[in-house]
Amino acid sequence: MTMKSDLEIAREAHLDPIEKVAARAGIDAKYLEPYGRDVAKVDLNVIKDNRDHPRGKYVVVTAITPTPLGEGKTTTAVGLAQGLEKIGKHSVLALRQPSMGPTFGIKGGAAGAGYSQVLPMEKLNLHLTGDFHAIGAAHNLLAAMIDNHLHQGNELGIEPHSISWRRVVDINDRALRNTIVGLGSRVDGVPRETGFDITAASEVGVILALATSLSDLRARLGRIVIGYNRSKEPVTAEDLHAAGSMAVILKDAIKPNLLQTTENSPVLVHAGPFGNIATGNSSVIADRVGIGCGDYLLTEAGFGADMGAERFFNIKCRLGGMRPDAAVLVVTVRALKTHAGRYKVVPGKPLPSAMLEDNPDDVLAGVANLRKHIEIVREFGVSPVVALNVFPSDHPDEIDAVRKVAEVAGAHFASSTHVVNGGDGAVDLARAVAAACDQKTDFRYTYGLEDSLVDKLNKVATKVYGADGIDIAPAAAKELTHFEGLGYGTFPVVIAKTHLSLSHDPNLKGAPTGWRLPVREVRAAVGAGYIYAICGDMRTMPGLGRHPAAERIDIDSNGDTVGLF
């Protein structure tokens, strides 16, 4: 039997009134600001007023190293939330908001799949309550004020070549990666090279994700460094008198968005920073709301445990003041077969027929990556749960092979059929997570904030990625010294690298050894409050493929969206 499309399932699902969803999470209707009938903003006063509520268990959902196939991390997080409800445990799920760039590009919808989705699916994928537009507007306002300052005489003495603040747009558009502004007559501004990033790459979006309050948001915006003056001193958004207006644009965007799953359990959707050059997690504020609203707070971290989860542990948990109780590692049989390196997988093309055959040996050939991710989670002192997202093409002995590997490595294990069966298919996973949360944790960070920036980078590379060490380019070493001289030495670090390998090289599969991490460049996200190292070719503005999802998306004669998967 052919399964209905995600959009068909979403349209047929029953939606509870958003007030009822909020009540299920212990959020009084007085804290809701409705956006239509099915979405609401949540007032931040709920955090203060719910402070006496028992704290829920804190669970991060991450994955092994991603493959072009996608492992279904979001839909597994949704299925787990539904499964917990099935065993009598109230949960709140916190997710990042999808960017419209991937929605219209290669990815399509990002609201889950099958009977484990976030609803309303169309609104979630298509700019929701406008938070991304607010981020873009605030970001571009600062860009406009920079160029206006140059045009009006450059009183701050900004060195134009030092300006790192580009513009953003929430659409994949490779033609905007590198641009020249200020062309035309003298009244059209000062000509200079710049470019565009996708909105999810904006530091403003990361600030929204890391801010703990509106006042903290305002302060962080003021600390944004856009470049340097002729004396090599940083120039900030506060210096340009832009931060106040930026905060005004974002004053509603700082409030999380309340939605629901296909089985009506509550979901908080907020912020959507990139997973490779930024933190790759939903907001601290959403987690602070959710932790006081249910028995379990589930939150998703971008890409694998080496990226989104590492930043969840080392940055988000540290900033939010919360300690995780368990980490779910999402894996699929076909992903492990891909990591075995025996098949060529091309996005958008059918899988090789041999890959769908019953072959536990192929699975076992790719489990080194899974073992390494279990090790990463355990290194943080957190209980790992391996969640096998089961596809109809999977075979029982292949599933059993994954189970044995997980259990030998000291992880809890459960297979889950939530895509086809919703919460009923995730009951075993829910029980495994509950059992993991009942174990005592010894949560610890990879590094201390008092460590030098070089030591922080080295500890992440060696303890998390499995590198033998780091090689810092001379220009990067000079910048690290400069940043420490400016007082940024106590910042945490983010390593911008490929998500397709534990290393910096996407061609190194499995759990590579005998390699060193090259740091070719470092930058400071001062408003967000971290230093990030560039280790590889990072694209902050994706392009569209030959046949992007935008070609399939349309409106039918009834005014309904079609082609959104």
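## Exercises on a predicted model

Aspartate 216 and arginine 220 share helix 9 (residues 214-223), where they sit four residues apart, about one turn of the helix. That pair opens the first exercise; please keep in mind throughout that this is a predicted model.

### Exercise 1: a pair within a helix

Task: Find out how the side chains of aspartate 216 and arginine 220 meet, and why residues four places apart in an α-helix point the same way.

Solution. 
- Step 1. Start with the geometry of the helix: an α-helix has 3.6 residues a turn, so residues three or four places apart point the same way.
- Step 2. Now look at the side chains: aspartate 216 and arginine 220 meet in a salt bridge, with N to O at 3.0 Å.

### Exercise 2: salt bridges elsewhere

Task: State how many salt bridges a search of the whole structure finds, then decide whether aspartate 252 and lysine 255 are buried, partly exposed or exposed.

Solution. 
- Step 1. The search of the whole structure gives 27 salt bridges.
- Step 2. Aspartate 252 and lysine 255 form one through their side chains, at 3.4 Å from N to O.
- Step 3. Aspartate 252 has 31% relative accessibility, so it counts as partly exposed.
- Step 4. Lysine 255 is buried because its relative accessible area is 14%, under the 20% cut-off.
- Step 5. For another example, take arginine 520 and glutamate 521, whose closest N and O atoms are 3.5 Å apart in a salt bridge. Arginine 520 is partly exposed at 44% relative accessibility, and glutamate 521 is partly exposed at 27%.
- Step 6. Finish with a network: salt bridges link Asp400, Arg403, Lys404 and Glu407.

### Exercise 3: a covered strand and its partners

Task: Work out which strands pair with strand 17 (residues 383-389), and in which sense; then say how many of the residues of strand 17 are buried.

Solution. 
- Step 1. Strand 16 (residues 326-331) pairs with strand 17 in the parallel sense, over six bridges.
- Step 2. Strand 18 (residues 412-416) also runs parallel to strand 17, and five bridges join the two.
- Step 3. Follow leucine 388 of strand 17. Its bridge partner is valine 331, and leucine 388 also stands opposite serine 415 in strand 18.
- Step 4. Count the cover: seven of the seven residues in strand 17 are buried.
- Step 5. Sort them by face. Ser383, Val385, Ala387 and Asn389 are buried on one side, and Pro384, Val386 and Leu388 are buried on the other.

### Exercise 4: a covered helix and its cap

Task: Identify which residue caps the N-terminal end of helix 8, and say how many of the residues of helix 8 (203-210) are buried.

Solution. 
- Step 1. Serine 202 is the cap: one of its side-chain oxygens lies 3.0 Å from the backbone nitrogen of valine 204.
- Step 2. Helix 8 is mostly covered, with eight of its eight residues buried. Among them are Glu203, Val204 and Ile207.

### Exercise 5: around strand 6

Task: Describe the setting of glutamine 117, then say what kind of peptide bond joins leucine 119 and proline 120.

Solution. 
- Step 1. Glutamine 117 belongs to strand 6, and it is buried because its relative accessible area is 0%.
- Step 2. The side chain of glutamine 117 reaches the backbone oxygen of glycine 114 at 2.8 Å.
- Step 3. Beyond its neighbours within four places in sequence, glutamine 117 is in contact with residues including Asp6, Val78, Gln260 and Thr262.
- Step 4. Tyrosine 115 is in the loop between strand 5 (112-113) and strand 6 (116-119). Its relative accessibility is 34%, so tyrosine 115 counts as partly exposed.
- Step 5. The bond between leucine 119 and proline 120 is cis, with omega at about -5°. Proline 120 lies in the loop between strand 6 and helix 6 (121-125).

### Exercise 6: positive phi

Task: For histidine 127 and lysine 232, give the value of phi and place each residue in its loop.

Solution. 
- Step 1. Histidine 127 is not a glycine, although its phi is positive, at about 65°. The residue lies in the loop between helix 6 and helix 7 (131-151), and is partly exposed at 37% relative accessibility.
- Step 2. Lysine 232 has a positive phi near 70°. Its loop runs between strand 11 (225-228) and strand 12 (234-236). Lysine 232 is exposed because its relative accessible area is 62%, over the 50% cut-off.

Conventions: Residues numbered from 1 in each chain as written. Predicted model: local features only at pLDDT ≥ 70, side-chain atom pairs only at ≥ 80, totals over all residues. Heavy atoms only, no water. Buried < 20%, exposed > 50% of the residue type's maximum accessible area, 1.4 Å probe, protein only. Polar contact = N/O pair within 3.5 Å; in protein donor to acceptor, adjacent residues only side chain to side chain. Contact = heavy atoms within 4.5 Å. Pairing = 2+ DSSP bridges. Salt bridge = Lys/Arg side-chain N within 4 Å of Asp/Glu carboxyl O.
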